[in-house]
Amino acid sequence: MTASPPPVSTDRLVARLEALGRVGALDGGGVCRLALTRADGEGRDLVVAWMKELGLDVAVDRIGNIFGTRPGSRPGPSVMIGSHIDTVATGGLYDGNLGVLAGLEVVAALNDAGIATERPITVAVFTNEEGARFQPDMLGSLVHAGGLDLETALATRAVDGALLADELTAIGYAGGAPIGGIEAQAYFEYHIEQGPVLEVEAIEIGVVEGVQGISWTELTIVGRSSHAGTTPMRLRRDAGLAAARITAEVSAMAREIGGDLVATVGSVKLTPNLVNVVAARAVMTVDLRHPDEATLQAAEARFAEIVERIAAQEKVEVARRVLARFEPVAFDPALIDRVEAVAHGQGRTTRRMFSGAGHDAQMLARVCPAAMIFVPSVDGLSHNIREFTAPTDLGNGLSVLAELVLERAGRANVVPTASRGDA
Ligand code: GLV
Ligand code: MN
Ligand code: MN
């Protein structure tokens with residue numbers, strides 16, 4: 001079963017990526033569109049305007065997920081193309097945005113070519129994928145897939161203290177559509193790789209087999225502030241030192257376990273954070289990831305031992321809070337095969353791979369067959385203002401996505417109006 005792709009335009013995709021990239025643009029390049037900030041609201045407004053221009057029926061659900069649907073010739077679940085447009089504070093133009101805007105380009109190409117499909121096609125924008133402002137990450141798609149109840153999600157506090165429900169209302173995206181109301185019979189997410197593998201191996205398309213497990217913990221370490229000049233080293237209860245030792249040991253643990261285990265301390269906040277005061281308090285985050293659940297659990301157990309030992313040695317109290325915990329996810333084998341076959345059919349080189357980053361697709365995989373397409377990231381950079389993917393690579397993935405979507409949605413046999421009743 002093949003479906004020659006509709007004539008997609010890479011130029012139009014790039015123009016939309018650049019236009020969306022101007023919303024929340026940072027002075028030195030890149031974008032800051034943290035979830036549910038005013039910039040996120042402006043970005044959403046732009047995407048919704050494009051959806052309406054393309055004739056999509058737009059629905060916003062109660063957690064702010066946006067769904068733009070092109071009807072099919074028969075009702076039923078959609079072929080869904082989705083991702084996110086929120087960014088980390090130092091984000092680029094491609095992470096998430098590519099998946100959404102490529103979805104719009106597929107719709108634009110179908111419209112241009114006058115192709116009707118049997119199944120509806122829905123372009124989805126999920127709320128707070130990044131998890132940089134509200135945890136957990138992938139929150140909107142998790143709620144959509146029934147993995148987190150709406151009331152708990154709406155009661156989430158941002159790292160800046162704001163309430164998710166208030167922020168959703170403030171930007172005008174506290175929608176009325178029921179959660180899970182728009183069903184998908186398949187979900188495709190087209191994304192930049194965000195790592196170096198495809199570029200290093202000179203491969204054009206990454207065929208994503210799944211997403212590794214994610215474990216995010218916040219530690220609040222409480223010691224005692226005291227004078228930096230008068231407190232002998234042996235008599236300190238230094239929360240800053242405990243945080244630094246935990247950081248170093250967690251990293252050493254990841255190197256020792258080896259393989260694909262990654263460990264990151266991306267945030268440490270000291271109080272009072274002054275040159276001549278021993279820190280009374282440290283709030284830090286630990287991000288552990290591995291494709292295998294048993295290995296991830298083993299790393300979590302080692303991490304717990306490290307914290308306990310260092311807390312005792314440094315005479316500090318440590319409170320733990322789980323910010324996010326998702327097991328590894330395997331995508332649908334038949335859909336993975338189709339991604340690979342379509343890419344090969346279009347003459348592309350491919351490689352099967354696991355995703356190191358979290359994605360909305362891992363949540364959609366709970367409710368429908370899901371798959372992802374990756375294209376190379378220059379220097380493997382993402383969550384960085386220098387994030388870049390060349391237009392040729394963007395076009396390669398776009399054509400694969402378009403063919404997969406048309407194949408899955410099916411061309412509708414529309415009887416041409418002119419011939420009706422003739423002869
Ligand atoms: C989301 O981008 C994540 O993987 O941290
Ligand atoms: Mn992303
Ligand atoms: Mn991201």
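Accessible areas here come from the Shrake-Rupley method with a 1.4 Å probe, and for residues only the protein chains shown count as cover. This is a predicted model, in which local features need pLDDT of at least 70 and side-chain atom pairs count only at pLDDT 80 or more, while totals for chains, interfaces and linings use all residues. Residues are numbered from 1 along each chain as its sequence is written, chains are lettered from A and ligands numbered from 1 in the order in which they are written, and side-chain values use heavy atoms, with hydrogens and water left out.

Start with the protein chain as a surface. The accessible surface comes to about 17300 Å², 52% of it belonging to carbon and sulfur atoms. Of the 423 residues, 54% count as buried (under 20% relative accessible area, with a 1.4 Å probe and protein chains only).

Switch to the C-alpha trace. Along its principal axes the trace spans about 100 × 45 × 40 Å.

Next, select the manganese ion (ligand 2). Its protein donors are His84 (NE2), Asp95 (OD) and His191 (NE2), at 2.0 to 2.3 Å; donors are N, O and S atoms within 2.8 Å of the metal (3.2 Å for Na, K and Ca), and water is not among the atoms, so sites may look incomplete. Their spacing in sequence is H-x10-D-x95-H.

Asp95 is buried, at 4% relative accessible area. His191 is also buried, at 1%.

Definitions and conventions:
Buried means under 20% relative accessible area, exposed over 50%, partly exposed in between (1.4 Å probe, protein chains only).
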